[in-house]
Amino acid sequence: IETRGQVTSLEHERDELAALLQRADATPLPSLFVEGESDVTILTAAWQAFHPGEALPVTILAAGGTRQMESLAGRGSALRQLLGDRLVFALADNDREGRDLVEDSRTRHGGAWRQQTNGIHWCLLAPTDEFARAMKRFDIPEAFWPFTIENAFPAALRRQAMTEGAYAVEEAVIQSSFQADAGIANKALRAAH
């Protein structure tokens with residue numbers, strides 16, 4: 001029964017990965033999967049700001065959320081057959097859910113691309129010094145740091161983007177990983193405000 005469950009799980013993972021790779025086949029460029037549509041918008045705008053006039057070297061695709069990124073993180077070489085000769089990258093937030101997606105503990109620190117056993121190159125965002133100082137100021141343990149792509153830019157630029165309507169911040173929303181520890185959740189709320 002346990003083996004059948006594992007096989008069913010692997011088949012489901014394979015099917016989800018095949019669907020994502022099918023989307024990647026629509027372009028001749030390497031594919032960069034990110035969690036959501038807002039990440040696509042932010043990365044595209046950042047590329048245009050930092051590299052004006054240069055075309056993006058990848059096609060950025062939204063996987064549809066952290067759960068959908070799990071199929072890109074499937075462990076083992078069995079999924080590598082589906083990948084074939086495609087060059088696929090996955091960039092995830094460096095939060096608890098993102099860190100759970102990568103198999104290499106060195107990748108969890110963020111900022112470096114590493115190929116996982118399934119052949120997909122993974123990177124987690126590297127927390128900025130500004131973000132690290134804020135987390136330390138509110139005494140939030142590193143294992144709970146919720147570093148997302150929105151936090152990758154200086155506070156002044158984020159405020160300007162919010163003023164211009166580029167993105168909005170949800171108020172008083174606690175990541176699921178904080179639910180296990182009320183003390184950490186309270187610290188996170190104080191830091192958010």
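Of the 193 residues of the protein chain, 40% count as buried, a term that stands for under 20% relative accessible area, with exposed meaning over 50% and partly exposed anything in between (1.4 Å probe, protein chains only). The model is a predicted one, in which local features need pLDDT of at least 70 and side-chain atom pairs count only at pLDDT 80 or more, while totals for chains, interfaces and linings use all residues. Residues are numbered from 1 along each chain as its sequence is written, and side-chain values use heavy atoms, with hydrogens and water left out.

The accessible surface of the chain comes to about 11200 Å², and 54% of this belongs to carbon and sulfur atoms; such areas come from the Shrake-Rupley method with a 1.4 Å probe, and for residues only the protein chains shown count as cover. Eight helices and five strands make up the secondary structure elements listed for the chain. Here helices (H or I, at least four residues) and strands (E, at least two) are DSSP runs, numbered from the N terminus. Along the sequence they follow the pattern α-β-α-β-α-α-β-α-β-β-α-α-α. Among contacts with a separation of 6 or more, 65% join residues 24 or more positions apart, a contact being heavy atoms within 4.5 Å.

Helix 6 spans residues 129–137, and Phe-131, Ala-132 and Met-135 are buried in it. These residues lie on the same side of helix 6 because they cover an arc of only 100 degrees around the axis, the arc being that of the directions from the helix axis to the C-beta atoms. The face turned away from this buried side carries the exposed residues Asp-129, Arg-133 and Arg-137. Asp-129 counts as exposed because its relative accessibility is 59%. Its C-alpha atom is separated by 9.7 Å from that of Ala-152, 23 residues apart along the chain. After helix 6 comes Asp-139, with a positive phi near 60 degrees.

The second largest pocket has a volume of about 480 Å³. A pocket is an open set of points on a 1 Å grid over the protein atoms alone, where a 1.4 Å probe fits, with protein on both sides within 12 Å along at least five of seven lines; lining residues have an atom within 4 Å of a point. Grid points are joined across faces, edges and corners, and the volume is the space filled by probe spheres set on the points. Of the 23 lining residues, Leu-32, Leu-43, Leu-91, Trp-113 and Leu-125 lie nearest the centre of this pocket. Helix 2 supplies the largest share of the lining, four residues.
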